[in-house]
Amino acid sequence: MPNTVFMVLIYGLLTALATGLGALPFLFLKELSPKVLAVTNAIASGLMLGASFGLLREGAVFGTPQTIVGGAAGIAFILVAEKMLEGREVAFGDLSGRGARPILLLLVVMTVHSFSEGVAVGVAFGGGEKLATLITLAIAIHNIPEGMAISAVMRSKGSTLAACALWSIVSSLPQPIMAVPAFLFVDTFRDVLPYGLGFAAGAMVFMVLMEILPGAYESGKRSTVALWVSLTFTAMVLFQKLI
Amino acid sequence: MHSVEPVIVVLLMSCLAAAMAAVGVLPFRFGRPHQGWIGGAYALASGLMLGAGYLLMGRGLDEGALPAVAGVVIGIGYSHSIRYFAGLEALDDEAAKGRSEYGYKLILQSVLHSAAEGVAIGVAMVVELKLGVFVALALAIHNIGEGMVLADQLSPHRARLRQAAALAVACKVSQPLLALAAFALSPVLTGFLPSALGFAAGALVLLVLTELLPNSYHRSPAVSVALIVGVSAGAVVLLESLLI
């Protein structure tokens, strides 16, 4: 048993590290014009919209009413967090000023959502239906577009590639932390899971629609934004079906 | 429902969806609503259509991932290019207000838009009658929002309420027509079902993002838009997993 716990932790860590790979596509992005900003925000929006619908569906498997309650709590969480951050000077990493606030919120949302995903990993291990390695691989690959969403937004605000990768990994660290207790106490955590998945979905969808997508429309042509969002949305939905 | 001919179900449901556009005109009986409400109507229409698009996309991918993705890409490309060829690409209904071409472009946009909805209803009906009814109902409520938007655009031109309602429904006539056509083609369509589902999904999603959602952000605060779109899209996604 302790051996398996160790394995769950290691696998969980690997999945968190994979999130950092999402920064790679933005290696060559240097010019930070409004056009680039529109496209990167559109990419993040499409990926996160697709991801949040997937979370809703997954939550519904474990219990639809709980997912709805969780979703409402997720929306309320973002509203409260916005209010608290309003008018405050925010600075972290290599970012500060006006651009930092939405990014901080994005990171909070992605980190909180990783808690639910960690629980999902642990419960899946405990369920023992599939091979552990396969599940880990799936989650790890699944984390890459999430890192991409974070990096797209951060990079377009002038963050270095290393900072993008680092913060992406940080946002995924709750996964290994939550996977272990969820694995040890599967039955308890299975009951909590739909609330968590709903919460993550609500917070993510709200974050996209309130901050990221309007930002994309403001800085680019609407047809360009629409194309990028639709295509990345489709890519994410496909991705979740395949994995 | 088993005693009713499936094709009658398609006809009735798609006509119901089109007719609901008239309901959106009703609030104007009590004066022109505040622009914030019109933004809300756009947001409601966006959320329901996004949810419906997501469902169709999921179904398509279940039936066959590769052809479905090809269908989605073609649907997105089709929707994008037909708007481009029709000169609607840069149609921003706030910026264009007062220009002479504004009126007919809006009607054209509305007709093209409802054609995509018709295909979506028809294809969903081919997959499963229950799914088709569900999609038609979602789009019926969506059409209330769109009827409201059209009535708002007509109101500076002093159109009568009855005329506005008639025009709102008339713009939607392509919906039952294409729903019936898609359903009639079902023997042919079954071979291409994943692609057809993908096509409908891609077309719907692009319309939301290029047409409905930006117009919504123009009129209402982002918080309200996010709330309405999130809840309505989430309701469609969750209800489908409960009912079907």
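Biologist: How are H3(A) and H10(B) oriented to each other, roughly parallel or roughly antiparallel?

Modeller: This is a predicted model. Start with the angle between N-to-C directions; over 145 degrees counts as roughly antiparallel. Helix H3 of chain A, residues 64–85, packs against helix H10 of chain B, residues 222–243, at about 170°. The two helices are therefore roughly antiparallel. Their axes lie 11 Å apart.

Biologist: Which residues of H3(A) and H10(B) meet?

Modeller: From H3(A) come Thr64(A), Thr67(A), Ile68(A), Gly71(A) and Ile75(A). H10(B) answers with Leu227(B), Gly230(B), Gly234(B), Leu238(B), Ser241(B) and Leu242(B). By class, that contact has five nonpolar residues, six polar and no charged. Gly counts as polar here.

Biologist: How many residues of chain A and chain B are in contact?

Modeller: Count both sides. Chain A has 29 residues in contact with 29 of chain B. On the chain A side, H2 (34–62), H3, H8 (186–219) and H9 (222–242) each supply at least two residues. H9(A) gives the most, with 13 residues. The chain A side comprises 19 nonpolar, seven polar and three charged residues.

Biologist: Why is H9(A) described as largely enclosed?

Modeller: Count its buried residues. In H9(A), 16 of the 21 are buried, so the rest of the structure largely encloses this helix.

Terms used
Residues are numbered from 1 along each chain as its sequence is written. Chains are lettered from A and ligands numbered from 1 in the order in which they are written. This is a predicted model: local features need pLDDT of at least 70, side-chain atom pairs count only at pLDDT 80 or more; totals for chains, interfaces and linings use all residues. Axes are lines fitted to C-alpha atoms, for helices over the stretch in contact, and angles run from 0 to 180 degrees between N-to-C directions. Helices (H or I, at least four residues) and strands (E, at least two) are DSSP runs, numbered from the N terminus. Angles under 35 degrees count as roughly parallel, over 145 as roughly antiparallel, 65 to 115 as roughly perpendicular and the rest as oblique. Two residues are in contact if their C-beta atoms, placed from the backbone, lie within 7 Å. A residue is buried if 20 or more other C-beta atoms lie within 10 Å of its own, exposed if 12 or fewer, and partly exposed in between; C-beta atoms are placed from the backbone.
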